[in-house]
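This briefing concerns the sheet architecture of the structure shown below. Please consult the sequence and the model alongside the points that follow.

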Amino acid sequence: MSVIHRVLSCLSHAGAILLLSALLAQPASAAERLLVVTENSSWLSTVDGQGNVSGPSTRLVKDILAHAGLKADFQVLPWARAYRIAATRPNTLIYSIARTSSRESQFIWLGQIAYMQRVFYRLHGETGITPQSLEQVKNCCKVCVGNHDVQEEFLAKAGFQENSQYIITNSQQECPRLLQSGAAQLLIADPDQLRSQLARLKLPEQQFDAVLSLPQGDPLYLAANPASDPQLLQAISEAIRTLKQR
């Protein structure tokens with residue numbers, strides 16, 4: 001082999017080593033395409049007739065990503081599955097999610113995008129169900145909540161016992177049917193959230209009455225898996241700050 005060939009061979013070998021080193025030096029999250037997960041059970045994120053993800057929170061998230069110069073795949077999933085994916089997969093965003101003490105370390109909280117009221121509803125005509133406080137709810141009724149929903153954590157922290165004082169469903173939108181069947185006597189929802197769920201279930205709003213509205217609600221956030229690419233998170237955070245200044 002000539003000297004020139006040997007030099008080129010060495011350079012080629014060195015280049016391959018440098019390339020491999022650069023690839024290994026990249027964070028694992030850089031290999032993951034940006035994924036955004038949400039649920040199709042509220043007024044904030046829905047799927048339209050063409051199969052597109054829409055709703056007020058969705059439009060805001062898409063606007064944030066556009067300002068950040070980022071593209072993402074959106075997936076609409078049952079809440080428990082969306083939550084599990086966002087908690088375990090790098091480069092994954094989730095919305096609209098309440099920020100609680102148990103969730104604090106599981107996500108990077110990028111910014112508030114909505115707010116949810118906390119109202120208890122009963123079936124219309126169930127005039128014997130008239131709780132005026134959480135303690136009265138605890139003593140009179142069984143409440144329906146969605147799996148991994150913030151209301152489940154709220155009731156558990158308030159001392160409610162699963163199965164005897166509240167039941168968990170796969171999705172919050174199943175709760176109106178469970179009230180109709182008698183499996184539960186109350187559900188918790190934001191008024192706009194319940195209105196959207198009833199429209200999807202083709203149930204009249206007049207079948208449900210608000211009986212107790214609590215003063216404390218929940219800010220809802222866009223959050224990210226903590227192992228996500230820091231550059232992505234920085235771009236999203238800067239886009240949120242820019243939009244807030246408008």
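In this predicted model, L35 stands opposite T92 in strand 5. Three bridges join strand 5 (residues 92-98) to strand 1 (residues 35-38), and the two strands run parallel. Both belong to an open sheet of eight strands, ordered 4-1-5-10-6-9-7-8.

**Sheet organisation**
- The pairing within this eight-stranded sheet is mixed.
- The edges are taken by strand 4 (73-76) and strand 8 (166-169); each has a single partner strand, so one side of each is left without a neighbour in the sheet.
- On average, neighbouring strands of the sheet are turned by 25° against each other, direction ignored.
- Strands of a sheet pair through backbone hydrogen bonds, either parallel or antiparallel.

**Strand 9 and its partners**
- Strand 6 (residues 108-123) and strand 9 run antiparallel and are joined by three bridges.
- Within strand 9, L187 is the residue that stands opposite Y121.
- Strand 7 (residues 143-146) runs parallel to strand 9, with two bridges joining them.
- L186 in strand 9 is the bridge partner of V143.

**Side chains of strand 9**
- In a regular strand the side chains alternate between the two faces of the sheet.
- Strand 9 (residues 186-189) directs L186 and I188 one way, and L187 and A189 the other way.
- All four of these residues, L186, L187, I188 and A189, are buried.

**Helix packing**
- Helix 8 (residues 230-244) lies across strand 5, strand 6 and strand 10 (208-224).
- Relative to strand 6, helix 8 runs at about 70°.

How values were computed:
Residues are numbered from 1 along each chain as its sequence is written. This is a predicted model: local features need pLDDT of at least 70, side-chain atom pairs count only at pLDDT 80 or more; totals for chains, interfaces and linings use all residues. Side-chain values use heavy atoms; hydrogens and water are left out. Buried means under 20% relative accessible area, exposed over 50%, partly exposed in between (1.4 Å probe, protein chains only). Helices (H or I, at least four residues) and strands (E, at least two) are DSSP runs, numbered from the N terminus. Two strands pair if DSSP finds at least two bridges between them. Axes are lines fitted to C-alpha atoms, for helices over the stretch in contact, and angles run from 0 to 180 degrees between N-to-C directions. Contact means heavy atoms within 4.5 Å.
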